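Hi everyone, thanks for coming. Have a look at the structure first.

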Amino acid sequence: MKNFGHVNAATLEEAVSALRRYGNRAAVIAGGTDLLGKMKDEVLPAYPEALINIKTIPGLDFIRYEGGTLSIGALTRLEDIATNDAVRNGHAALAEAAHRTASTHLREMGTIGGNICQDIRCWYYRNPQNRFPCLRKGGGRCYAIDGDNRYHSIFGGSVEKGCYAVHPSDTAPALVALDATITTTRRAIRAEDFFQVSAAKTTVLEDDEIVSRIDLPPLVGKSAFVKFALRKAIDFPIVNCAAAIGLSRGKVRSARICLNAVHVKPYRAVKAEEAIIGKAIDEAGVESSAAAAVAGAKPMSHNAYMVPIAKAMVKRALLGCK
Amino acid sequence: MKKDDRERIVAPEHTVRADKYPLDDYTAVGKRVRRKDGYEKASGYAVYASDIQIPGMLHQKILTCPYPNARIAAIDTTRAEALPGVRAVLRYDDPELPPKADLSGHFGQAGQPHEPVLDRCGYWQGMPMGVAVAADTEEIAREALKLVRIEWEARPFNLDPVEALKAGAPLTNPESYPDGNFLLPFMHEKKVTHGDADKGFREAEQTIEFGMRRDQDTWVGPERPCGIFRWNGEYPEVWLKHQRPHLAKRQLAQFFKVGMSQVTVHCPYQGGSFGGWSQMALNMQPNVIAGILSKRTGRPVRWQFSRREDFCGAGMDNARYRVKVGFKNNGEITALHATSWFSREGLSHTDHFVENSKVINIIQESNGAICNIFTGWAIRCEQNMNCYCFSAVMNHVAEALKMDPTELALINDGCEGHAMADIAEWKRKRGFEDRDSLRECIKAGKKAMDWDAKWHLPGMKKLPSGRMHGLGMSWAHEWGDSGGSAAIGIRIERDDGTARVLGLRCDNGVCAETAYCQIAADELGFRYEDVEYRPFEEAGFAPMTPDSSTNLAVNGWAIRNAARRLKQKILEVASLPRVTERPEMGYIPPFEGYRPEDLDVRESRVFVKKDPSKSISMAELVRPAFFMGKMDVGSTEPLFAWGWQNQQGAYDISGPPGPRPIFVRQAHFVEVEVDPETGGIEVTRVTNANDVGKAVNPDAVEGQQYGGSVMGVSRVRTEEVVYCPATGVVLNGNLIDYKINTMLDCGLIDTIIVETAMGYGPYGSVGIGEDVASVVPFAFYAAVHNAIGKWVDLPATPDKVLKALGKVQEAK
Amino acid sequence: MTTPSYPCPYCAAPFGSHEALKAHVVAGHGAEPLPKPHGLIALTVNGERHEHTVEPNTTLYTLIHDRMGLTGAKMFCDRGACGSCTVIMDGRPVLSCMTLAIECDGKTVETIEGVAAAKHPLIETYVKHHCMQCGYCTPGFVVTAKALLDKNPDPTEEEIREALAGNLCRCGTYPQHPRAVTEAAGLLQGGRHEKG
Ligand code: SF4
Ligand code: FES
Ligand code: FES
């Protein structure tokens, strides 16, 4: 790994001012499991001048329930979320999503804040030493379109310019389905508005903005998370899905369904939600909801197989909320 | 020594006949002993080549080709040379570099192309070529390479062997193959025939044809290849990760034009090898470059591939096949015509029918096309293609006949066209018990996994979970490369009488060194604890490659021969006085008056056979070694013996037939559940029944069964090297995107050991390291078919499964 | 392991650590406390305190393997995907290849050498159950298993497999590990191990 400057921030303010000092030439490091891989491979045209370590900031590592609202500090390790009994009971989809992320070690290192801020895994983008200076890096074209896009978006490219890389997080769809609010050093944003893609970003965060906490409203009903990947550990999803369902008298009263790894950001399957509302969670109900979820799919040359998988994930997430 | 004793020690034809001299009882062989390398490895104290640092060492990096097919049109290294910390730069046009050098490891001079040490051209993306740098740190070396200015001439490329053979395809390698991409298969002819295929097809009652395809996997050994080269004046000293350290020594000596006796090669523990790298010129290239740069800088030079660079280390062929097979309604296969298209080595794909069945009417055609993908070489074993083809034929025929594949196996079992009845006669003639190895393996395996209760016709069993249940089976003989030459020594430590086996490092994970100690202990009559295998390069004994191809089958004899000789020596020293001209230098043996044959050794004690109460320990026997004071006690001579074994392969299809057919068999069973909604395949069970003749180290046998099952499933379920179709660049050269099975991806694994003593190693043993990982993949192939009723090409990733199930709408 | 010496810039008295020097400068010379030199870290490794000056790009793996000679941690993937470089840091199994040494100031680290020195029963149960072939991945497994047993002294087989799922073994020793971990857990519960 090439060298860089390093700052241990004592407070969020210090971290933000350090970021300002470096303009966009610094990066925030928490668990580091995503960032260091990118740096070792020198995937970006510009190498960070400095890393701002926020692990040294106290008070950002907590899991609290207050009146049913779950609050999680940005530096909370995924493993702590995965194994927290209260979260497993109260917001099962999130606990399960954290649990299905990567591997024990990576969950012990990786933080929830880092997990939702992680970068895309497109294998053109990640090819070492910026082998493909693609659109996403300000280059001329997207190599995935004519290349091997078996893990790319089935719901079209990013709004602006057409990057097809999917969002790889397991916890992100859970947070969207559970309608979390993400608090940063500047603002509070609903999870579903947090993952906005511009040409070069996975989130709406500004260069000097840091996630500090995540709040999840009380869940009336049930939630579930399912994931399909080639391996049961150390793997990113081919497709995953989280659902949060409110039931009354056997019928679905409220539904939030979010797929991920199928689109450039977590894909809230609104049509699927509409389709299941008022219905029972049974074979017919979930089938029609799942069909609605993928109705708008526009697969690329190598990834049409993801469509039936996405469908299956929606079904299973819903059945998990029974 | 009586003639009989002599024969016991060096009989050359051991492998032909049943082992006439098994021991009466075993105290170490066949027992579960504490493995010799266990503590070292579990505690982190085992040293691997990549753990070694030499003071002042420089770090070497070689440029890798960014394109699949490119030539350096112009190069300027001045900026790299000027970078502080850079100590030497070597370019392809350096006058010291010979235009061609033989750096291939496997077959020495023959068989492999001679290549430039540092090529001006790259023939696949990632190929090390062009420029090498030695610098103070790896980081500086890497930065220096980035500063080299290169004008590339990127050329069109081929990724697919079928396409590459078409008219108008670009040239894959215009420098070495200017006339086209055509490539001859390795070690066999383009067209090989056995028997009379036309007649066989005429006799057939049914004929089927099918195609199949396997994409490239790669080795991914845990320890990345590395080496350190230091010139001690005129003497090169090298630390290596290498499966064949003695061959590496020869190549280095040849290249640097020094005697092999001038070269010291250290080969510590190795983090997995599985074949692959060690056989390839590419593995020697960085060592040779390090040698040149070490000489120029006067410093030790270390190199190690990054994980990404290592990816090109080995990959089996991305082969495609077209197969036509004729058979009778009773399951007897009468004829086979199998054609392959391959991109690198094109190893034979129908040998197993000859070696392992009564199918003898065969046409094998091999169409090779050199492609711009990285060098293929055998991983775990070169028999992969044979196993694929054999399993596919058997299982497609079983499907056509709606027959249980285990029955079909027994119908077709045989050798060189002969049925089992003939083979029974061969066995008797050679002194073996007539045991039906395949039948025993199948019986044991079926019982373990409850096959009869579970088996069903393809696509017929849906589980309550909605998943499709599948069972697959495949079988083979134990082909294990049984030929080779091994030398090994054993010496008794002069002061405490313990035994130390002397040989090059012989560890590749198969627990071989422990097995040799077991053999030595039992043959010497020593306690297992009193025998150690501590590698000792300078003893110069090269056991047959520590590469798991030919460990036990050859080395086992060598160690046994050495132990038997040494034991004879011990008995002589214990009983025969040594008479010298100076009586005070003579030696009065502890068992004066006895003859060597009156004595024996057990539990590391020499004793009188007729009166075991008369005994001394080995320590007491050798204690007089140190000659202090009392001159009336002479010293024992050095107790040392070597053993040597040189044997022809048990069966060698490419040359004249070997000395005898292979009698032992193995059967592997895979159980899967396929999720028809996601295309995901879960392997719930792998059952291995291996006839290993005699399990010298049962734990090691089981280890290979586990390991082979895990790797075997992994390599056809999820592993695939992905090249970008548009640019030819490897897209998944890391362990996140190249998916090796984790602990959660393997189901139950059964390990059944069958012991018929019909192998060609000592005590009738055979090796096992290569087999399981080569056969299990294709039992998996059959199991997936049994689950969904469709054949799925390999690796059977969800996209292919869903496509086979008709669930994928082709994209526009 | 060498501990750097810290001479006082005022009176040249040597001190064993930066902290001690700082205290001396404040107390003895009434001077402002010295700023900590960039890259100076103090950490406890296998029960011993160590101070090192590291570059920001030095990973914990490089520090322990190359500089401290604790070569039991192995590098298999160099990208956080295999577990062979695992060490225990403040009770958590972490990947030393993906950890910056400069961020380990004040941390407590246990490596395989420490686990072996404490005669943890895992070592012998690993030998007994043949949980290794080439052995390259083995220390990573043992350290991960140790971290598991520290947290969960009586894990189920499923919990063991989950915990070790981040450790890749190319030789395919997977089925052998849960047996060794279970047996070691039993030995620990039987109190035959002195907690180290
Ligand atoms: S999908 Fe996005 S990141 Fe990948 S090559 Fe295309 S533009 Fe680049
Ligand atoms: S080497 Fe660190 S996780 Fe693989
Ligand atoms: S024992 Fe070789 S990688 Fe695990």
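Okay, let's start where chain C meets chain B: there are 20 residue pairs in polar contact between them, both residues at pLDDT 80 or more. A polar contact here is a pair of N or O atoms within 3.5 Å; within protein, one must be able to donate a hydrogen and the other to accept it, and residues adjacent in sequence count only if both atoms are side-chain atoms. Which parts of chain C are involved? The elements giving two or more residues to the side that touches chain B are α2 (60-67), α3 (112-117), α4 (121-128), α5 (138-151), α6 (157-163) and α7 (177-189) of chain C. Those labels come from DSSP runs, with helices (H or I) of at least four residues and strands (E) of at least two, numbered from the N terminus. By class, that side of chain C has 21 nonpolar, 10 polar and 10 charged residues. For the classes, Ala, Val, Leu, Ile, Met, Phe, Trp, Tyr, Cys and Pro are nonpolar, Asp, Glu, Lys and Arg are charged, and the others, Gly among them, are polar.

Quick housekeeping. This is a predicted model, where local features need pLDDT of at least 70 and side-chain atom pairs count only at pLDDT 80 or more, while totals for chains, interfaces and linings use all residues. Residues are numbered from 1 along each chain as its sequence is written, chains are lettered from A and ligands numbered from 1 in the order in which they are written, and side-chain values use heavy atoms, with hydrogens and water left out.

Back to chains C and B. Counting contact as heavy atoms within 4.5 Å, 41 residues of chain C and 53 residues of chain B take part. Together the two chains bury about 4000 Å², with 60% of it on carbon and sulfur atoms. His130(C), Gln133(C) and Arg170(C) supply 21% of what chain C buries against chain B, more than any other three residues. Buried area is the accessible area (1.4 Å probe) that two parts lose on being put together, summed over both.

How many salt bridges cross this interface? Three, by the rule, which asks for a side-chain nitrogen of Lys or Arg within 4 Å of a carboxyl oxygen of Asp or Glu. One joins Arg170(C) to Glu719(B), at 2.7 Å from N to O.

Now for chains A and C. Each gives 29 residues to the contact, and the pair buries about 2300 Å², 55% of it on carbon and sulfur atoms. Here His6(A), Lys40(A) and His105(A) supply 27% of the area chain A buries against chain C, more than any other three residues. The rule finds six salt bridges across this interface, including Arg92(C) with Glu108(A).

Over all chains, the salt bridge count comes to 92. One lies within chain A, between Glu49(A) and Arg25(A), at 2.8 Å. Glu49(A) sits in the loop between α2 and β3 and Arg25(A) in the loop between α1 (12-22) and β2 (26-29) of chain A, so the pair ties together parts 24 residues apart in sequence.
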